[in-house]
Amino acid sequence: MPYTPHTKDEINEMLETIGIKSEEELFSSVPSNLRVDSLDIEDGLDEYTTFEKFKALAAKNVTDKTIFLGGGYYDHIVPSAVDALSSRAEFYTAYTPYQAEASQGTLQVLYEYQSLVCKLTGMDVSNASMYDGATALAEAALMAVRISKKNKILIDGGVNPTYIKVVQTYLSFREIEVEIVALKGDISDFETIKSKIDDSVAGYLFQNPNFLGSIASFEKIIEKLHEKGALAVCSVYAVSLGVLKEPSSMGVDIVTADGQCLGNYLSFGGPSFGLIATKQEYIRDLPGRIIGKTVDRDGKEMFVLTMQAREQHIRRHRATSNICSNQNLLALRSTIYLSLLGKEGFIELANSCHSKSEYLKENLSKIKGVEIFNSSTTFSEFVIKTPCDASDILEAMSSRGIYAGINLGNLFEGFENAILISVTEKRTKEQMDDYVQNLSEVLGGEA
């Protein structure tokens with residue numbers, strides 16, 4: 001945004017107001033031997049040149065291609081009202097406010113955010129957000145270890161591979177064993193998972209729909225986990241909860257998700273925010289902050305920070321997390337987004353994603369040489385296998401104005417000819433028909 005510097009008269013007025021004669025006096029508490037006389041920094045560009053330079057850099061971004069990419073970040077419609085309302089002064093902040101008396105607007109929004117997350121997941125409590133979906137899942141793994149007092153985590157092979165790496169990184173500095181259970185085709189290997197659930201397991205991390213887009217039922221696995229005193233941790237694609245059973249009804253103990261899909265833009269990869277929710281009995285092990293509603297001394301309703309389980313506020317050894325910020329502004333946007341859609345609108349959104357995905361899947365399956373890899377039901381993502389290397393196909397489709405999907409060969413062995421495709425409510429019938437026609441031509445066949 002444009003920056004307007006202070007004039008000399010304005011600076012003198014401010015100095016006079018606070019009772020000092022020069023700006024240097026602001027640093028009088030710094031010992032003289034630690035101060036520098038000047039900073040050895042080259043002169044900066046003038047304002048106009050700076051804007052022109054950044055405009056030239058921004059122009060290198062490609063923004064006009066049709067997007068069928070997914071894998072954790074999704075191209076959804078963001079209503080204009082989200083931008084307008086999230087920019088209002090009483091809400092606009094990227095950080096959690098500490099002065100309740102000056103921040104009631106932001107605190108109320110976060111309280112409503114927590115309430116919406118609980119309605120969405122069916123869980124009892126939510127915090128005020130996390131960094132992103134990956135770190136939310138990693139924090140959930142640490143919760144499972146603290147609650148169960150065990151030190152082994154099982155991770156389903158259907159979890160987003162980026163999330164798995166983040167979880168592994170988090171846990172690598174602790175005496176916690178991590179074991180990944182590979183998929184069986186496109187779905188979880190339930191027999192192997194059951195055989196590995198014993199008294200040493202703290203929790204089982206799974207994703208539904210999984211990274212390949214497939215949906216499965218985990219109730220029997222969750223029953224086995226609870227028999228052994230372990231926790232079920234589920235990572236979800238939040239939009240899918242408009243049509244899928246809420247995690248709490250399956251017995252899930254902790255739910256996590258990435259919130260980018262809820263009113264936030266792709267923004268070339270970020271930022272995003274993570275949501276995490278759990279059962280009431282585990283509230284003391286929930287990381288981050290929780291906003292509560294109370295009354296002031298005059299009996300008026302107000303909102304406050306009720307729990308802050310960070311090392312900044314309590315003894316370090318008792319802290320549940322050392323994360324020093326939530327993603328307040330992005331959680332705010334999701335609150336506005338969900339409020340605008342309402343229950344029926346959210347269900348309509350999810351149904352639109354699913355039905356459009358099924359339309360594209362059916363038509364792609366008619367192309368000679370194209371095979372739908374998923375044997376299970378899918379929500380809005382699915383995998384196709386082709387007779388050619390995926391990288392060649394995606395490059396050719398990109399040259400035709402279509403980001404056709406994710407090359408799974410870059411993530412998994414034996415998937416060199418596989419592409420993960422995502423469809424949202426934003427894709428039109430014409431765009432999907434265009435995808436089918438172009439892929440057919442790239443493969444040298446007929447649609």
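Into which domains is the protein chain divided?

1. The protein chain is divided into domain 1 (66–75 + 346–443) and domain 2 (80–337), with bounds from an automatic or database domain assignment. This is a predicted model, in which local features need pLDDT of at least 70 and side-chain atom pairs count only at pLDDT 80 or more, while totals for chains, interfaces and linings use all residues. Residues are numbered from 1 along each chain as its sequence is written, and side-chain values use heavy atoms, with hydrogens and water left out.

2. The C-alpha centres of domain 1 and domain 2 are 28 Å apart. Contact, meaning heavy atoms within 4.5 Å, joins 28 residues of domain 1 to 29 residues of domain 2.

3. The largest cavity lies between the two domains, because domain 1 and domain 2 both give residues to its lining. A cavity is a set of points, on a 1 Å grid over the protein atoms alone, where a 1.4 Å probe fits but cannot get out; lining residues have an atom within 4 Å of a point. Of the 16 residues lining the largest cavity, Gly72, Tyr74, Tyr163, Val236 and Tyr237 lie nearest its centre.

4. Thr335 has its place in helix H9 (residues 328–364); helices are DSSP runs (H or I, at least four residues), numbered from the N terminus. Thr335 is buried, at a relative accessible area of 6%, where buried means under 20% (1.4 Å probe, protein chains only). Leaving aside neighbours within four places in sequence, Thr335 is in contact with Val109, Glu112, Tyr113 and Leu116. The Thr335 side chain also reaches the backbone oxygen of Ala331 at 2.9 Å.

Methods. On a 1 Å grid over the protein atoms alone, a cavity is a set of points where a 1.4 Å probe fits but cannot get out, and a pocket is an open set with protein on both sides within 12 Å along at least five of seven lines; lining residues have an atom within 4 Å of a point. Helices (H or I, at least four residues) and strands (E, at least two) are DSSP runs, numbered from the N terminus. Buried means under 20% relative accessible area, exposed over 50%, partly exposed in between (1.4 Å probe, protein chains only). A polar contact is a pair of N or O atoms within 3.5 Å; within protein, one must be able to donate a hydrogen and the other to accept it, and residues adjacent in sequence count only if both atoms are side-chain atoms.
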